[in-house]
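Subject: Structure for your review

Dear colleague,

I am handing over the structure we spoke about, and below it you will find my notes on what came out of the analysis. Please read them with the coordinates open beside you.

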Amino acid sequence: MRLVFADDKHIPNFVYSDVLHIKVRGPSGRDKAELTRQSVDILTPADGARLVPPFLLGLHASGFNVSHTDIKDDNTGHFRVKLQTAEGKTEVIALTDGRTQVWLNPPPGTYSVGVELVSNTQPARSLGVAPSRRLTVTAR
């Protein structure tokens, strides 16, 4: 494995690390197919969390590349977050700069958070969708 170094906007500098060798020992409890399948997930917060704003929404894509929209490669995309209130009002936040996390500061209430990875080459195409999460935001 090699690392490619990039700036805070995920723009690569094309400076690579030395080759890294990784040995995994012991049972992980997960099979190879599960670890290599393409998926999109919300890492944090947990489903059903009660939060005080602002809070960090952490995102992950496995089997895809995440980058700013200037990178037009196959299987490369950016995250789009949909925050929906209990009343059905939806706010969409496109992370076109390649971020994998975003600080949210919504007013108190109950929300559903959905995340999809949108193709950079075909913006109408979704590469993957994370299971939605229910969150309760409380006042400070």
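Before the count of charged pairs can be given, the criterion has to be clear: a salt bridge here is a side-chain nitrogen of Lys or Arg within 4 Å of a carboxyl oxygen of Asp or Glu. By this rule the count comes to three salt bridges, and please keep in mind throughout that the model is a predicted one.

**Charged pairs**

Side chains of opposite charge can pair when their charged atoms come close. One of the pairs is formed by the side chains of Arg80 and Glu116, with a distance of 3.1 Å from N to O; it links distant parts of the chain, since Arg80 belongs to strand 7 (residues 76-85) and Glu116 to strand 10 (residues 109-119), 36 residues apart. Lys82 also forms a salt bridge with Glu116, and here the closest N and O atoms are 3.9 Å apart; this pair, too, joins strand 7 to strand 10, across 34 residues. Taken together, Arg80, Lys82 and Glu116 are linked in a network of salt bridges.

Asp97 counts as partly exposed because its relative accessibility is 28%, and Arg99 counts as partly exposed at 32%.

Strands of a sheet pair through backbone hydrogen bonds, either parallel or antiparallel. In this model there is an open sheet of three strands, with the order 3-5-9 and antiparallel pairing. Strand 3 (39-44) and strand 9 (101-104) stand at the edges, and because each has a single partner strand, one side of each is left without a neighbour in the sheet. Neighbouring strands of this sheet are turned by 25 degrees against each other on average, with direction ignored. Strand 5 (residues 55-62) and strand 9 run antiparallel and are joined by four bridges, and within this region Gly58 stands opposite Gln101 of strand 9.

**A nonpolar patch on the surface**

Which residues form the nonpolar patch on the surface? They are Met1, Leu3, Phe5, Val15, Leu20 and Ile22, which together have about 560 Å² of accessible area. Phe5 lies in strand 1 (residues 4-6), and with a relative accessibility of 41% it counts as partly exposed.

**The chain as a whole**

The secondary structure of the protein chain comes to one helix and eleven strands, and from the N terminus on, the elements run β-β-α-β-β-β-β-β-β-β-β-β. Along its principal axes, the C-alpha trace spans about 50 × 40 × 30 Å. Of the 140 residues, 34% count as buried, while the chain exposes about 9,200 Å², of which carbon and sulfur atoms supply 52%. Among contacts between residues at least 6 apart in sequence, 58% join residues at least 24 apart.

Definitions and conventions:
Residues are numbered from 1 along each chain as its sequence is written. This is a predicted model: local features need pLDDT of at least 70, side-chain atom pairs count only at pLDDT 80 or more; totals for chains, interfaces and linings use all residues. Side-chain values use heavy atoms; hydrogens and water are left out. Two strands pair if DSSP finds at least two bridges between them. Helices (H or I, at least four residues) and strands (E, at least two) are DSSP runs, numbered from the N terminus. Axes are lines fitted to C-alpha atoms, for helices over the stretch in contact, and angles run from 0 to 180 degrees between N-to-C directions. Patches are made of residues with over 30% relative accessible area and no salt bridge: like charges are joined within 9 Å, nonpolar side chains (Val, Leu, Ile, Met, Phe, Trp, Tyr) within 5 Å. Accessible areas come from the Shrake-Rupley method with a 1.4 Å probe; for residues, only the protein chains shown count as cover. Buried means under 20% relative accessible area, exposed over 50%, partly exposed in between (1.4 Å probe, protein chains only). Contact means heavy atoms within 4.5 Å.
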